[in-house]
Amino acid sequence: MAFTRRNVWALGGDWADPILWYARGVKAMKSRPFNDPTSWQFYAAIHGIDPNLWQQLGYFDPNGPTPSDADVKTYIDQCQHGSWYFLPWHRGYLLGLEAVIRDAVVKLGGPADWALPYWNYFGPNQAALPPAFNSPNWPDGNGDNPLFVPQRYGPNSDGNVFVPVNRISLAAMGDTEYTGSGDGGSAGFGGLDTGFSHNGDTHGDLESQPHDVVHSYVGGEDPQSPDPQNPLPGLMSDPDTAGLDPIFYLHHGNIDRLWEVWRGNPTSNQDPSDANWLNGPAAVGDRAFAMPMPGGVQWTYTPGQLSNISQLNYVYDDLSPPSQMPRVANRLRRLGVTAARADASGSTAMAAPSSAELLGAGGQNMRVSGAQASASVALNAAVRQKVTASLTAAATSPQPNPDRIFLNLENVRGLHDATAFSVYINVPDGEDPEKYPDHLAGSVSLFGVRKATMANQAHAGNGITLVLEITQVIDTLHLAGKLDAAQLHVRLVPMRPVPEAAQVSIGRISIYRQGA
Ligand SMILES: [Cu+2]
């Protein structure tokens with residue numbers, strides 16, 4: 001019997017059975033002490049824990065029981081971010097949590113085939129937080145609904161929790177490389193080749209969008225914080241608290257589902273075959289990926305074991321490609337390729353990308369605060385001519401893969417993980433960027449920035465590097481004859497004004513071309 005994970009908005013009611021049983025399972029886990037590896041706190045701490053932050057938010061009692069040293073070494077602070085392990089590690093995390101909840105459900109007399117629902121915010125009218133998570137009450141009106149958490153503030157930090165669909169993207173689904181190049185070009189569908197990476201610096205494309213931004217939008221920041229310059233994050237906004245929010249697991253169910261949708265096109269999309277990915281960090285002497293299962297069992301896994309869900313005893317109710325899926329053929333048509341040839345080129349596997357080449361740089365050590373920040377990026381004329389030549393040639397010669405262009409926000413540091421901003425190219429000074437949707441390169445969030453900014457044993461505190469594909473904006477400039485310029489203007493527009501105390505800075509803005 002395979003377990004079926006279903007869309008939370010299509011279960012047939014705000015408190016459909018799978019949601020009600022999830023709530024009962026969460027309640028059972030919450031009733032267990034922190035030193036029980038199947039408790040809610042323990043599972044959240046597997047993802048990440050900052051005891052001070054937990055205490056401030058009311059989730060940690062320093063005088064209460066805490067996990068044993070052995071359990072800390074095996075399980076705690078394990079989540080993989082900024083890494084090609086992001087997807088498989090979180091797949092195992094969901095499988096562990098789902099098994100622990102199912103065990104509780106069955107013991108309470110619930111269905112033996114219970115499976116974790118997922119939240120597909122891209123679905124029609126499905127961008128709002130599912131109602132069962134939004135009320136402190138159970139369906140009978142009693143007020144200790146465990147799916148509700150007060151520390152969830154939404155994209156405007158006003159308590160209205162939803163995902164702004166015009167600020168999320170499925171561009172990653174168009175990637176044909178799982179592994180990013182790490183040289184300023186594509187960050188890859190699944191991220192960069194790393195070792196064990198609890199807070200890596202460059203996030204893969206699916207991790208950045210929609211994963212990171214949804215975290216920051218859902219969590220937001222506490223508008224009632226005693227210090228408005230340093231608001232407390234919503235649980236979802238910070239990797240050290242995110243696992244405490246029951247909606248986390250429905251968000252990650254959707255990310256896990258998107259990985260499987262991507263794999264559904266095997267001619268172009270394949271998981272890494274590299275032994276370091278397949279065997280995971282334990283094979284080279286680093287920590288293993290391990291989850292506590294019901295009954296005190298430790299389950300250790302490798303990415304290779306988790307790549308194919310047909311071997312994992314679960315399915316998704318819907319693996320159809322999203323309608324806004326980016327397609328190579330659409331790009332080629334826009335660049336002037338005939339429809340027939342665009343379709344033919346767009347349906348064949350693309351060649352592996354070549355190494356990236358720096359097209360321009362600017363914005364050194366810029367501070368981001370207030371309602372906007374901007375910088376000029378000076379372009380190298382010779383490299384710009386290569387881009388123009390590649391885009392022009394695409395229309396007339398049988399070259400299927402014109403250059404792709406990537407904007408890198410390098411070494412972004414800061415203290416507020418809920419910070420999110422949109423990046424615009426060449427909006428004239430003084431103009432409202434909302435009026436220039438063609439100039440919107442994309443939206444990013446700083447999920448993970450606090451941990452990556454603080455120096456620790458694994459990390460010099462280099463912050464995070466955000467890679468944004470701006471190919472479509474560059475194509476538009478090219479088609480309008482406006483790419484022949486000495487510089488590009490980059491404008492960052494935060495979702496909410498960024499306080500000085502957030503100390504958000506960018507080391508450098510760079511733009512790279514990457515050919516095939
Ligand atoms: Cu996450």
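This report describes the predicted model of one protein chain, from its overall dimensions to selected residues.

Residues are numbered from 1 along each chain as its sequence is written. As the model is predicted, local features need pLDDT of at least 70 and side-chain atom pairs count only at pLDDT 80 or more, while totals for chains, interfaces and linings use all residues; side-chain values use heavy atoms, with hydrogens and water left out.

**Overall architecture**

The protein chain contains 14 helices and 14 strands; these are DSSP runs numbered from the N terminus, with helices being H or I of at least four residues and strands E of at least two. Its radius of gyration is 23 Å, close to the 24 Å that the globule rule gives for 516 residues, so the chain is as compact as a globular protein of that length. That radius is taken over C-alpha atoms, and the rule is 2.2 Å times the number of residues to the power 0.38. The C-alpha trace spans about 65 × 50 × 45 Å along its principal axes.

Of the 516 residues, 57% are buried. Buried means under 20% relative accessible area, exposed over 50%, and partly exposed in between, with a 1.4 Å probe and protein chains only. The chain exposes about 19,700 Å², of which carbon and sulfur atoms supply 50%; accessible areas come from the Shrake-Rupley method with a 1.4 Å probe. Among contacts (heavy atoms within 4.5 Å) between residues at least 6 apart in sequence, 76% join residues at least 24 apart. The mean positions of the 33 positive and 49 negative charges lie 4 Å apart. Lys and Arg count as positive and Asp and Glu as negative, without His and the chain ends; each charge is placed at NZ of Lys, CZ of Arg, CG of Asp or CD of Glu.

Helix 2 comprises residues 40–47, and seven of its eight residues are buried. The buried residues are Trp40, Phe42, Tyr43, Ala44, Ala45, Ile46 and His47. Their cover includes helix 1 (17–30), helix 3 (51–57), helix 4 (69–75), helix 5 (86–107), helix 7 (247–263) and strand 2 (289–293). At the N-terminal end, serine 39 caps helix 2, with a side-chain oxygen 3.2 Å from the backbone nitrogen of phenylalanine 42.

Helix 5 also holds leucine 95. Leucine 95 counts as buried at 13% relative accessibility. Beyond residues up to four places away in sequence, leucine 95 touches Arg5, Met293, Trp299, Leu312 and Tyr314.

**Side-chain polar contacts**

A polar contact is a pair of N or O atoms within 3.5 Å; within protein, one must be able to donate a hydrogen and the other to accept it, and residues adjacent in sequence count only if both atoms are side-chain atoms.

| Side chain | Backbone atom | Distance |
|---|---|---|
| Serine 216 | oxygen of aspartate 417 | 3.0 Å |
| Serine 225 | nitrogen of leucine 232 | 2.9 Å |
| Threonine 419 | oxygen of histidine 416 | 2.7 Å |

Serine 216 is part of helix 6 and counts as buried at 1% relative accessibility. Leaving out residues up to four places away in sequence, serine 216 touches Ser237, Asp417, Ala418, Thr419, Ser445, Leu446 and Phe447. Threonine 419 lies in the loop between strand 8 (404–412) and strand 9, and is buried with a relative accessible area of 8%. Apart from neighbours within four places in sequence, threonine 419 is in contact with Ser216, Val444, Ser445, Leu446, Val498 and Val504.

Serine 225 occupies the loop between helix 6 (205–219) and helix 7. Serine 225 counts as buried at 8% relative accessibility, and its contacts, leaving aside neighbours within four places in sequence, are with Pro231 and Leu232.

**Backbone geometry**

Most residues other than glycine have a negative phi, and most peptide bonds are trans. The peptide bond from glutamine 209 to proline 210 is cis, with omega near 5 degrees, and proline 210 is placed in helix 6.

Asparagine 426 has a positive phi, near 60 degrees. Asparagine 426 lies in the loop between strand 9 (420–425) and strand 10 (440–445) and counts as buried at 19% relative accessibility. Glutamine 503 likewise has a positive phi, near 50 degrees. Glutamine 503 is located in the loop between strand 12 (487–494) and strand 13 (504–506), where glutamine 503 is partly exposed with a relative accessible area of 46%.
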